[in-house]
Amino acid sequence: MRDLGMRATREAYGDALAEFGARYDFVVLDADLSGSTKTAVFQAAFPERFVNCGIAESNMMAVAAGIAATGRVAFASTFAMFAAGRAF
């Protein structure tokens, strides 16, 4: 296992999505925060499997659920407060 050192969790998340994206077929959704959530790394590598849902987290979760209902894996990425807070 390689030494990753100290780095932000979101940076590791973005790198892991890109690394696993080369091995597995899944979709990444983002709520117009790809620079902050680091999903832009995945987007650059696999643009055909990246969906920017805009500033509409509740819609993004519905899109992710629809993708999952077809049998595919979907990663919906946003800040925790927005994922929960936009629902109410």
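User: In this predicted model, is Phe42 buried or exposed?

Analyst: Phe42 has 0% relative accessibility, so Phe42 counts as buried. The cut-off for buried is under 20%.

User: How do I read a pair of aromatic rings?

Analyst: A pair of aromatic rings is described by two things: the distance of the centres and the angle of the planes. Take Phe42 and Phe46. Their ring centres are 5.1 Å apart and their planes stand at 40°, so this pair is tilted. Phe46 is buried, as is Phe42.

User: How many aromatic pairs are there?

Analyst: The count is five. One of them joins Phe26 and Phe42. Here the centres lie 5.4 Å apart, with 25° between the planes. Planes under 30 degrees apart count as stacked, and the Phe26 and Phe42 pair is stacked.

User: Which parts does the pair of Phe26 and Phe42 tie together?

Analyst: Phe26 belongs to strand E1 (residues 26-30). Phe42 belongs to helix H3 (residues 40-45). The pair therefore links parts that are 16 residues apart in sequence.

User: And Phe26: buried or exposed?

Analyst: Buried, because its relative accessibility is 5%.

User: Which residues form the aromatic cluster?

Analyst: Phe26, Phe42, Phe46 and Phe75 form one cluster.

User: Where does the charged end of Arg49 sit?

Analyst: The charged end of Arg49 sits over the ring of Phe46, 4.4 Å from the ring centre. Arg49 also lies over the face of Phe26, where the distance to the ring centre is 5.8 Å. Both Phe26 and Phe46 belong to the aromatic cluster.

How values were computed. Residues are numbered from 1 along each chain as its sequence is written. This is a predicted model: local features need pLDDT of at least 70, side-chain atom pairs count only at pLDDT 80 or more; totals for chains, interfaces and linings use all residues. Side-chain values use heavy atoms; hydrogens and water are left out. Rings of Phe, Tyr and Trp (its six-membered ring) pair if their centres lie within 6.5 Å; planes under 30 degrees apart count as stacked, over 60 as edge-to-face and the rest as tilted. Helices (H or I, at least four residues) and strands (E, at least two) are DSSP runs, numbered from the N terminus. Buried means under 20% relative accessible area, exposed over 50%, partly exposed in between (1.4 Å probe, protein chains only). A charge sits over a ring if NZ of Lys or CZ of Arg is within 6 Å of the ring centre and within 35 degrees of the ring normal.
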